[in-house]
Amino acid sequence: MRNIKLLLTGIACLFIFWGCTPKTTDAGPGEDPNKLSPFRTAEGKWGYQNGRGKTVIEATFDNVTPFRNGIARIKVKDKYGYIDESGKSLIEAKYEEAGFFNQGLCPVKVDGKFGYIDRTGKMKFEAKFESAESFGLEFAAVTLGGKAGYIDKEGKFTEGEVPGDNDVAAE
C-alpha cells in the first residue's frame, strides 16, 4: 500500500513539473518559425520564443501579450510598458494600466486617470478620463466627469454613444 502511495505521488509530481515547464515545439507546416510567442517559466516569469522553441527575449517580465505589428505590452512589477521584437524597450513600464494600440493611439492610466499615448510614448491626450477604451475606426469610448461618451482623433469629447460601427482589429 505504501509503495502505491509513493508511486502515485511520484506520478503527480511529474505531471506538475511537466505542466510548469516551458513548452518548446517546432513550427508546424505553414507557420513562421521566426514568429515570437510568449512562454512562462516555472518561476512565473514571461519571455518570448520563436517557432523553433528558441528563447529570443529572456523571461524577465511579470506578464506579456503577444506581438501585434511588432509591439507587445509587458508588465514589470505593477507597471506596464511596451517592447519591440528584439526585446528593446519602446515605452518604459510606468503606467498603472495600458491598453492596445489602434489607429496609432493607446489608452494608459496615470495617477488614477486615463489618457492616450502614441507609439513613441508621447502623451497625445491628457490623462483626465475615468475610463478609456482603444480607438475603433475613428472614435474611442471614454468617461469624463461621470459622463459616458467618446473622443475623436483630435481628443474632442462628445457625450453619448460611439457613432456607427466603431469595431476594428487592433494594430
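1. Which residue forms a salt bridge with Lys 45, and how far apart are the closest N and O atoms? In this predicted model, the partner is Asp 62, and the closest N and O atoms of the pair are 2.6 Å apart. The two residues belong to distant parts of the chain, since Lys 45 sits in the loop between E1 and E2 whereas Asp 62 sits in the loop between E3 and E4, 17 residues apart. Lys 45 is partly exposed, with a relative accessible area of 30%, and Asp 62 is likewise partly exposed, with a value of 29%.

2. Thr 65 deserves a separate comment. It is found in the loop between strand E4 (63–64) and E5, and it is buried because its relative accessible area of 9% falls under the 20% cut-off. Leaving aside neighbours within four places in sequence, the residues in contact with Thr 65 are Pro 38, Tyr 48, Ala 72, Arg 73 and Phe 100.

3. A search of the whole structure finds 1 cavity of 30 Å³ or more, and about 70 Å³ of space lies in the largest cavity. Its lining is made up of 10 residues, and those nearest the centre are Arg 68, Ile 71, Tyr 82, Phe 100 and Phe 101. Strand E5 (residues 71–76) gives the most to this lining, contributing 3 residues.

4. E8 is joined to strand E9 (residues 105–110) by 2 bridges, the two strands running antiparallel, and Glu 97 has Lys 109 as its bridge partner in E9.

5. The side chains of Glu 97 and Lys 109 also meet in a salt bridge, at 3.4 Å from N to O. Since Lys 109 lies in strand E9 and Glu 97 in strand E8, the pair ties together parts that are 12 residues apart in sequence. Lys 109 is buried, with a relative accessible area of 18%, whereas Glu 97 counts as partly exposed at 36%.

6. The count of salt bridges comes to 3, and one of them is formed by the side chains of Lys 113 and Glu 130, again at 3.4 Å from N to O. Lys 113 lies in strand E10 (residues 113–118) and Glu 130 in the loop between E11 and strand E12 (131–132), so this pair ties together parts that are 17 residues apart in sequence. Lys 113 is partly exposed, with a relative accessible area of 31%, and Glu 130 is partly exposed as well, at 34%.

How values were computed: Residues are numbered from 1 along each chain as its sequence is written. This is a predicted model: local features need pLDDT of at least 70, side-chain atom pairs count only at pLDDT 80 or more; totals for chains, interfaces and linings use all residues. Side-chain values use heavy atoms; hydrogens and water are left out. On a 1 Å grid over the protein atoms alone, a cavity is a set of points where a 1.4 Å probe fits but cannot get out, and a pocket is an open set with protein on both sides within 12 Å along at least five of seven lines; lining residues have an atom within 4 Å of a point. Grid points are joined across faces, edges and corners, and a volume is the space filled by probe spheres set on the points. Helices (H or I, at least four residues) and strands (E, at least two) are DSSP runs, numbered from the N terminus. Two strands pair if DSSP finds at least two bridges between them. Buried means under 20% relative accessible area, exposed over 50%, partly exposed in between (1.4 Å probe, protein chains only). Contact means heavy atoms within 4.5 Å. A salt bridge is a side-chain nitrogen of Lys or Arg within 4 Å of a carboxyl oxygen of Asp or Glu.
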